[in-house]
Amino acid sequence: MSLSRPTVHPVEAPPLTEAAVHGPRVRMKDVQGMPGTKGGLFLRLSQFVFAIISVSVMATTSDFRSATAFSYLVLAVGLQSLWSLSLAFVDIYALLVKRSLRNYRAIRLFTIGDGITSTLTFAAACASAGITVLIGNDLDKCALNHCTRFETATAMAFISWFAMSPSFLMNFWSLASH
């Protein structure tokens, strides 16, 4: 009986890949403050609370429509509150189902939305602060206007923007690391 014998031929080693040379790519862990974390939920809720306080204080004054900057503040911070509340719901969902929000499209949407709303909020707060200083210090008309309410609403808008900045930076960092 003539049986064929298997022949073993030497095989060259496959070329080294980037993972073999530099080690495997490690994904960035979910840093607190990013979407889908408890820190991110805290930031979103604080953005929402301060934005709602700002809108409420400004809207309860009878003469906030007298300056365009105050109307712009109500509009911008109202948009900020809606955006923050909707993303807080997304964070709550992600925490309940224990899901990471590391999807590139979702992070891109969060980053663009955070960038637009934070820019609008900051611009509105700066414009309102300028008008408040004009009314209070330059024109000395605080007796006729609600200067303390204007100042409070403007301060709450700035605090909402300060709470928005880490969210935007974390999302931008995550988007840039993809």
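Residues 72–97 form a span that is 96% helix and 0% strand. The model shown here is predicted. Its protein has five helices and zero strands.

**Overall build**

- From the N terminus on, the elements run α-α-α-α-α.
- The protein has 178 residues, and 39% of them count as buried.
- Take the contacts between residues at least 6 apart in sequence: 79% of them join residues at least 24 apart.
- The accessible surface comes to about 11,200 Å². Carbon and sulfur atoms account for 67% of that surface.

**Annotated spans**

- Residues 155–176 are 100% helix and 0% strand. The end C-alpha atoms of this span lie 31 Å apart.

**Glutamine 80 and threonine 121**

- Glutamine 80 sits in helix 3, which runs over residues 68–96. Threonine 121 sits in helix 4.
- Is glutamine 80 buried or exposed? Glutamine 80 has a relative accessible area of 0%, so it counts as buried.
- Threonine 121 also has a relative accessible area of 0%. Buried means under 20%, so threonine 121 is buried.
- The side chains of glutamine 80 and threonine 121 make a polar contact at 3.2 Å.
- Which residues does glutamine 80 touch, leaving out those up to four places away in sequence? They are Gln47, Ala51, Thr117, Ser118, Thr121, Ser160 and Met164.
- Threonine 121 and alanine 51 are 70 residues apart along the chain. Their C-alpha atoms are separated by 9.2 Å.

**A salt bridge between helices**

- How many salt bridges are counted? The count comes to one.
- The partners are arginine 44 and aspartate 114, with their closest N and O atoms 2.8 Å apart.
- This pair links distant parts of the chain. Arginine 44 is in helix 2, residues 38–59, and aspartate 114 is in helix 4. They are 70 residues apart.
- Side chains of opposite charge can pair when their charged atoms come close.
- Arginine 44 is buried, and aspartate 114 is buried too.

- Phe89, Ile92, Tyr93, Leu96 and Val97 make a nonpolar surface patch of about 530 Å².
- Tyrosine 93, one of these residues, belongs to helix 3.
- Why does tyrosine 93 count as partly exposed? Its relative accessibility is 49%. Exposed means over 50% and buried means under 20%, so tyrosine 93 falls in between.

**Residues in the loops**

- Alanine 67 lies in the loop between helix 2 and helix 3. Its relative accessible area is 12%, which is under the 20% cut-off, so alanine 67 counts as buried.
- Alanine 67 and isoleucine 131 are 64 residues apart along the chain. Their C-alpha atoms are separated by 7.6 Å.
- Lysine 98 lies in the loop between helix 3 and helix 4, the latter covering residues 104–138.
- What is the phi of lysine 98 near? It is near 55 degrees, a positive value in a residue other than glycine.
- Lysine 98 has a relative accessible area of 75%. That is over 50%, so lysine 98 is exposed.
- Aspartate 140 is found in the loop between helix 4 and helix 5, with helix 5 covering residues 147–176.
- The phi of aspartate 140 is near 50 degrees, again a positive value in a residue other than glycine.
- Aspartate 140 has a relative accessible area of 61%, so it counts as exposed.

Conventions: Residues are numbered from 1 along each chain as its sequence is written. This is a predicted model: local features need pLDDT of at least 70, side-chain atom pairs count only at pLDDT 80 or more; totals for chains, interfaces and linings use all residues. Side-chain values use heavy atoms; hydrogens and water are left out. Helices (H or I, at least four residues) and strands (E, at least two) are DSSP runs, numbered from the N terminus. Buried means under 20% relative accessible area, exposed over 50%, partly exposed in between (1.4 Å probe, protein chains only). A polar contact is a pair of N or O atoms within 3.5 Å; within protein, one must be able to donate a hydrogen and the other to accept it, and residues adjacent in sequence count only if both atoms are side-chain atoms. Contact means heavy atoms within 4.5 Å. Patches are made of residues with over 30% relative accessible area and no salt bridge: like charges are joined within 9 Å, nonpolar side chains (Val, Leu, Ile, Met, Phe, Trp, Tyr) within 5 Å. Accessible areas come from the Shrake-Rupley method with a 1.4 Å probe; for residues, only the protein chains shown count as cover. A salt bridge is a side-chain nitrogen of Lys or Arg within 4 Å of a carboxyl oxygen of Asp or Glu.
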